[in-house]
Amino acid sequence: MDQKANTHIVVVDSSVVATILIKEVLRSHGYQVEIFTESSKALDYLRLHKVDIIVSRYSMPEISGVMLLCMAELMQPWFHGIVVTANQHEATDIPEGFTIIEKSSHFVERIVATVNAVVGA
């Protein structure tokens with residue numbers, strides 16, 4: 001059975017363009033991907049669906065990406081969290097265990113590489 005096809009990923013970013021870009025690239029690699037532009041809607045989804053990886057933007061309007069991952073961890077402690085930040089220095093409050101990716105010109109490729117490493121693909 002294909003490990004990638006069984007990997008369920010949630011992407012949360014307030015930018016519609018960024019979420020669609022990340023979704024399309026991850027899907028082209030064979031992953032199942034759901035996207036959200038609001039943290040609260042992502043949390044609603046996480047209450048009902050098991051996920052393996054959550055990719056969240058650090059700066060979100062209502063609930064920060066770090067807070068989202070911490071809340072998700074209470075529901076699903078097995079997932080791998082990836083925080084995308086515009087600046088490594090703003091991410092001083094990210095708990096140990098979450099992967100930090102700086103949003104640069106190649107951040108989507110870094111997300112894919114991290115996801116592949118987590119899955120073992």
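The dialogue below walks through the sheet, helices and cores of a predicted model.

Me: Where should I begin with the sheet, and in what order do its strands lie?

Reply: Strands of a sheet pair through backbone hydrogen bonds, either parallel or antiparallel. In this predicted model, the sheet is an open one of 5 strands, arranged in the order S2-S1-S3-S4-S5, and the pairing is parallel. S2 and strand S5 (99-102) are the edge strands, and because each has a single partner strand, one side of each is left without a neighbour in the sheet. On average, neighbouring strands of this sheet are turned by 20° against each other, when direction is ignored.

Me: How many bridges join S1 to S2, and how many join S1 to S3?

Reply: S1 and S2 pair in the parallel sense over 5 bridges, and in that pairing His 8 stands opposite Gln 32 in S2. Towards strand S3 (residues 53-57), S1 is joined by 4 bridges, again in a parallel run, and Val 12 has Ser 56 of S3 opposite to it.

Me: Which residues of S1 lie on one side of the strand, and which on the other?

Reply: In a regular strand the side chains alternate between the two faces of the sheet. In S1, His 8, Val 10 and Val 12 are on one side, while Ile 9 and Val 11 are on the other, and all of them are buried, so that both faces of the strand are covered. Since 5 of the 5 residues of S1 are buried, the strand is largely enclosed by the rest of the structure. In the segment before S1 we find Thr 7, which is buried as well, with a relative accessible area of 4%. Not counting residues up to four places away in sequence, Thr 7 touches Tyr 31, Gln 32, Asp 52, Ile 53 and Val 119.

Me: Which residues of H1 are buried, and where do they lie around the axis?

Reply: The buried residues of H1 are Ala 18, Thr 19, Ile 22, Lys 23 and Leu 26. They cover an arc of only 125° around the axis, and therefore lie on the same side of H1. That buried side packs against strand S1 (8-12), strand S2 (32-36) and helix H4 (107-119), whereas the face turned away from it carries the exposed residues Val 17 and Ser 28. Thr 19, with a relative accessible area of 1%, is a buried example; leaving aside its neighbours within four places in sequence, Thr 19 is in contact with Val 11, Val 12, Asp 13, Ile 35, Phe 36 and Thr 37. After H1 comes Gly 30, whose phi is positive, near 100°.

Me: Which residues of the largest nonpolar core touch the most other members?

Reply: In soluble globular proteins, nonpolar side chains tend to be buried together. Here the largest nonpolar core has 20 residues, of which Val 10, Val 12, Leu 46, Val 51, Ile 54 and Phe 79 touch the most other members. S1, helix H2 (39-48) and helix H3 (65-75) each supply at least two residues of this core. A second, separate core of 17 residues includes Val 33, Phe 107, Val 108 and Val 115.

Me: What does Phe 107 touch?

Reply: Phe 107 is found in helix H4 and is buried, with a relative accessible area of 8%. Leaving aside neighbours within four places in sequence, Phe 107 is in contact with Ile 22, Val 84, Ile 101 and Glu 102.

Key. Residues numbered from 1 in each chain as written. Predicted model: local features only at pLDDT ≥ 70, side-chain atom pairs only at ≥ 80, totals over all residues. Heavy atoms only, no water. Buried < 20%, exposed > 50% of the residue type's maximum accessible area, 1.4 Å probe, protein only. Arc of directions from axis to C-beta. Contact = heavy atoms within 4.5 Å. Core = buried A, V, L, I, M, F, W, Y, C linked by side-chain atoms within 4.5 Å. Pairing = 2+ DSSP bridges. Axes fitted to C-alpha atoms, helices over the stretch in contact; angles between N-to-C directions.
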